[in-house]
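Biologist: I'd like to learn how to read the sheets in a model like this one. Can you walk me through it?

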Amino acid sequence: VQAFTQERHETDRFTDSVEAAFDTARRRNRARASLTAIIIVMVFGAIVMVLWQGARSVLEGNMTAGVLSQFVLYAVLVATSIGALSEVWGDVQRAAGATERLMELLAGESAIRVATLPLALPALAQRGNAAQAGQAKPTGPANADGQAAGADHTIGDIRIEAVRFHYPSRPGHTALSDFSLHVRAGETVAIVGPSGAGKTTLFQLLLRFYDPGAGRIMLDGIDIAQADPAAVRARIGIVPQDTVVFSADAMENIRYGRTGASDEDVIAAARAAMADEFIARLPEGYRTFVGERGVRLSGGQRQRIAIARAILKNPPVLLLDEATSALDAESERLVQTALENLMKGRTTLVIAHRLATVRNADRIVVMEDGRIEAIGSHEALLERGGLYARLAALQFGT
């Protein structure tokens, strides 16, 4: 506000809001006072009427003083009850408004439907602890597909077949159009392209935050639309570009990747993500409160927390959405080393705008307007020309 010198504008906006709230409260109090006055008049009017009629009847000998006392008592009880009912009716009206919204929420249904009898994904083998995840070595020389020899070739296989998708909020804009891609188990595939090409949309479909309008996505030979979404997401670890850090300490933020993990596993994951060095310098170490949305941490520190969280989860599939975008050059080199160790033996999809970070990927997929423009290695795409060569020329100056 101060940087854009909008103090006067924001003060006026706040003043208008306060005045509107004050006017509403005044109208409410006027209505309440009017109703209270009406109730008081009715109550005392009823009592006076009973006393007047009763006094005449007592004087005429048609009623005893005891009966009159009973009538007065009944009149007071009835009048008091009516006054209480008016208060209760106001509470009922307020509750009715809130209940209407609650019923709308309860009646809402997710667009992601779980199959009545979901298909089971292939069983996972034991993958080791977090320290091994960040320091794993390749199991042998790479084969023709760019996979490590000896790796499990069935877990982490992704096949996307003729997928077409548009967001519900933008039905006229196609985010992905006839998109087909096969990512073999253990392969590292980089996805590059201009902003709005559909790269992050692809990740959201893999996590089944949305279902495609056409086509299907297969994970380990199973259509994810026929599997339990929780089982699908349990196999995928993600490091998003917009890092989510909760209002908790560093230990609990990393442990969110695997809630049953021990403190030793959390610390091992932090070391693998090169986060231990800055966490150890915090006032209370891993028990330091990091603030709402991690406001006490820098952007690079928040991103390393997210990487440690993914390392702790130790999934067979990794989705990296600009995982090093908020790091300085030195931190990026350290985290890139940790990520390279983490990616070994796993299926990894990497979104990157900086091409230098994906030059060593097994394959690079170039996207534009929701379609695949080209697929190949860094050198092959440079020789081919087109969008990738133009992007490389802009970034590398050649």
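Predicted model: local features only at pLDDT ≥ 70, side-chain atom pairs only at ≥ 80, totals over all residues.

Biologist: What is the strand order in the open sheet of 6 strands?

Modeller: In general, strands of a sheet pair through backbone hydrogen bonds, either parallel or antiparallel. Here the order runs β6-β7-β8-β3-β9-β10, with mixed pairing. Strands (E, at least two residues) and helices (H or I, at least four) are DSSP runs numbered from the N terminus, and two strands pair if DSSP finds at least two bridges between them. β6 (236-239) and β10 (371-376) each have a single partner strand, so one side of each lacks a neighbour in the sheet.

Biologist: Which strand does β3 pair with in the parallel sense over 4 bridges?

Modeller: That's β8 (residues 347-351), while β3 covers residues 188-192. Within this pair, Val189 has Leu349 of β8 as its bridge partner.

Biologist: Which strands does helix α12 touch?

Modeller: Helix α12 (residues 387-396) packs on β3, β9 (363-368) and β10, contact meaning heavy atoms within 4.5 Å.

Biologist: And how is the sheet of 4 strands paired?

Modeller: That open sheet is antiparallel, in the order β2-β1-β4-β5. β2 (176-183) and β5 (222-223) are its edge strands. β1 (residues 158-165) and β4 (residues 214-219) share 5 bridges, and Glu161 has Arg216 in β4 as its bridge partner.

Notes:
Residues numbered from 1 in each chain as written. Heavy atoms only, no water. Axes fitted to C-alpha atoms, helices over the stretch in contact; angles between N-to-C directions.
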